[in-house]
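Thanks for coming, everyone. Let me put the model up, and then I'll walk through a few places in it.

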Amino acid sequence: MGYAEVSVNSPVAQRRTFSYAIPSGLTIDVGQAVWVPFGDKLLQGIVLELSDYPSVEETREIAGIIDPHPVLSPARVRLARWLSEYYLSPLFEAVALMLPPGFERKTVTFISTPSTTQETDISSLTQGQRDVLRLVHRQGKISLRELEKRLGSKQAKLITSQLVSQGLVVKGYELEKVKVRPKTVSYLRLAVTTSEARQEAASLREKRASRQAALLDFLAQRNEPVPLSEVRQRVGSSASVVKALVSRGLVEVQQIEIKRDPLAYQSMTPSYPLTLTTAQRAALESIKASLLKAPQDNASPSVFLLHGVTGSGKTEIYLQALAEVVKQGKRGIVLVPEIALTPQTIERFASRFPRKVAVLHSKLSLGEQYDEWHRIRDGEFDVVIGSRSAIFAPQPELGLIVIDEEHEWTYKQSDRPRYHTRDVAVKLAELTGTVVVLGSATPDVETFHHAQRGDYHLLQLPERVTPSEGSALPKVEVVDLRDELKAGNRSLFSRSLSQAIAKAVGSGEQVILFLNRRGTATFIQCRRCGFVLRCKRCEVALTYHFAEDMLLCHQCNYRMPVPQICPCCCSQRIKFLGIGTQKLEQEASQAFPQARLLRWDSDVTKGRYSHQEILGKFRTHQADILIGTQMIAKGLDLPRVTLVGVVSADTGLNLPDFRAGERTFQLLCQVAGRAGRGSLGGKVIIQTYSPEHYAIQAAAKYDYASFYTKEINYRRQLRNPPFSRLACLTYSHTNDAVCQREAERMKRLITQEIDSRGIADLSLIGPAPAFIHRLRGRFRWQLILRGSEPSALLSELTIPQGWAVDIDPVGL
Ligand code: ADP
Ligand code: ZN
Ligand code: ZN
């Protein structure tokens, strides 16, 4: 007898599998979905491994097969195992990432009459028991849920168990109804030959059944299934006419599945490969050479970092590399940070591979997702495009994974399992022999470090492909806001920015005003000299807490009162708190009354097409100034925009996170790339109180190399990633004091563990209140574990309820 190790869909299963015996007569494969008994329930499970011996003495049998077709390939089974181990997430949650949408269903408990009926004496039964028994007899079976609705939960359970113990009813399990069904449409077709149909029609006419005759003639003429709705429209047949013909076996109703295509709303003209520039050709040749190499066992995967400014032709390389993959009979996955923000990119893929691109949109309906999953698994698409979860698409014969804008935060999943898409992609590539291309104008410092060390191949595109003169990178001007104050200008707009806005709007051009955080800033800055209070131990900006009027370090819990005067220049203008988008909009409308404003931040982008709507409005010049946050930094190509104003670069710079400098550099470069996309050229103005900061200096010159050199040195000095790995543990509770106590307790637990194992390179930072101290009514405290393998230590501990563990967090 064989055995299977099954990942069971139960919260108690955690990170382990369970052994089940394979009943004789059942063929089971790795990756197959099965039913297994678990406690007194029947649950879904996925077979992860087959073996000759069970891992425990007593096993139960697999109860049945859910789907004869394995739902996970062997490589994805191993990927799921890795996800669960590395990110410390329950195994089934990792498996579930790769299952068809709507796969997880609840089991429904029901009671029915036993198959062997015996004489029953119901005289001893209570009235309640009799009622239930009668109901079961009448209906054949009834779900426990329905009984509970009728009798109340307690009574239903009691009566059920009494009847079961007397052998009057038996309990059974069933799956809840499938929530997603492929959408079908009713078609009508002939069940007889066309000549038979014509004969029938003639005789029906004689019998004066002219409507039935007309329908038969219509179907005979079309000689193919016709949608019922069309039949009604064309022939005017009523339901009774159809029914009469169906009952005589002359026609039949057929359910035909219709595909819901998310690209359907876009009209596409095919596009063709461009002749590459020298730099592009060199990059593509390297990738091609890797694609042609047969994957070797245990070889580290081929990962390329394609580093090139916006407009340097990276997308064209993705397209041509994919074409090569397709030529080899393989397929690709393309990941973009956020589907809704990259319609232009999607269009370029769809027009290069017409009808061969699947787009996985987070806002697809469940039905659409269900359709796409099955079509992808059946190999219908050359390319699957989507945001992070598309890495789990069941794309067969995978040859290439592209991650565009690889440095984006959105590639990290914030809920369990808290995976990073880039790391998952590299792992999947290792398991499947796939090539990975990471693209960015401002690569993640950690990715670039890998490339420097030679783990990844570095490909550089140093220049913009400039088809028309004038669309070189726009000039950047950094404005020192301290000088504005000195000159008596207290508005949000420096003199330079004001003039530039007025000039652009006056000549019918467009302006983007950018704030890199929504709402207000949380740090305190001297408006005279730009000084920001930082934690002496952690180097991050201290966060201002209104309620206590205190400054706080969110990494180590250091606290101090707000100083009355600036420690640096003795000015009293120390308590300046930054700007929000609403305030900016107000001031802009006062300062430029003639300009038409449009605000784009997450407050106004909730609906399915609203990104496109806002973008469309701006593109068609229904507004002169677009005000927004992070979102407007992404992939937009707006030729009429000649000016981008960064209203305050400091908000991002002073977030309490060691990556604040990196994020600011990336955002400023991206935002700057929005200006001057057209023939009009462009200009960027960055306003800041810290013009000397290396991130701002480097961004103003689009100088990644000098930014990287500074940044990597800071990382090394403070032992931050990539020179260590982090794990962030967050505890949340409605009571702040309870949180703090639990966090202290956890600290002791982990410290003991580190000591008893004698691990020298692991350190613990905190506990401290999380940056977002209170979220949905719960307080949050955090601990940061730093070392070479924090995940390995944590996997040995039993982490109590209430804790969330984030391995390789991207925001602290
Ligand atoms: P990126 O992805 O780096 O931003 P793109 O691939 O989008 O760059 O290229 C920027 C622009 O230049 C696009 O309009 C693209 O069509 C065009 N382009 C790219 N490569 C070439 C080429 N070899 N010849 C002509 N135009 C090109
Ligand atoms: Zn000062
Ligand atoms: Zn600190």
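**Rings, zinc and a sheet**

Tyr 704 and Tyr 708 sit four residues apart in helix H23, so about one helical turn separates them. Helices here are DSSP runs of H or I with at least four residues, strands are E runs of at least two, and both are numbered from the N terminus.

Some ground rules. This is a predicted model, where local features need pLDDT of at least 70, side-chain atom pairs count only at pLDDT 80 or more, and totals for chains, interfaces and linings use all residues. Residues are numbered from 1 along each chain as its sequence is written, chains are lettered from A and ligands numbered from 1 in the order in which they are written, and side-chain values use heavy atoms, with hydrogens and water left out.

Back to the rings. The structure holds 15 aromatic pairs. Rings of Phe, Tyr and Trp (its six-membered ring) pair if their centres lie within 6.5 Å; planes under 30 degrees apart are stacked, over 60 edge-to-face, the rest tilted. Tyr 694 and Tyr 714 have ring centres 5.3 Å apart and planes at 40°, so this pair is tilted. Tyr 694 lies in helix H22 and Tyr 714 in helix H23, so the pair ties together parts 20 residues apart in sequence. For Tyr 704 and Tyr 708, the centres are 6.1 Å apart and the planes at 20°, so that pair is stacked.

Buried or exposed? Buried means under 20% relative accessible area, exposed over 50%, partly exposed in between (1.4 Å probe, protein chains only). Tyr 704 is buried at 5%, and Tyr 708 is buried at 8%. Tyr 714, at 37%, is partly exposed. Ring pairs link these tyrosines into a cluster that includes Phe 448, Phe 665 and Phe 707.

Next, the metal. Which residues coordinate the zinc ion (ligand 2)? Cys 526, Cys 529, Cys 566 and Cys 569 do, each through SG, at 2.2 to 2.3 Å. Donors are N, O and S atoms within 2.8 Å of the metal (3.2 Å for Na, K and Ca); water is not among the atoms, so sites may look incomplete. Along the chain, the donor spacing is C-x2-C-x36-C-x2-C. Cys 566 is buried at 1%, while Cys 569 is partly exposed at 22%.

Last, the sheet. Four strands form an open sheet in the order E30-E31-E29-E32, with antiparallel pairing. Strands pair if DSSP finds at least two bridges between them. E30 and E32 stand at the edges with a single partner each, so one side of each has no neighbour in the sheet. Five bridges join E29 to E32. In E32, Ala 804 is the bridge partner of Thr 730.
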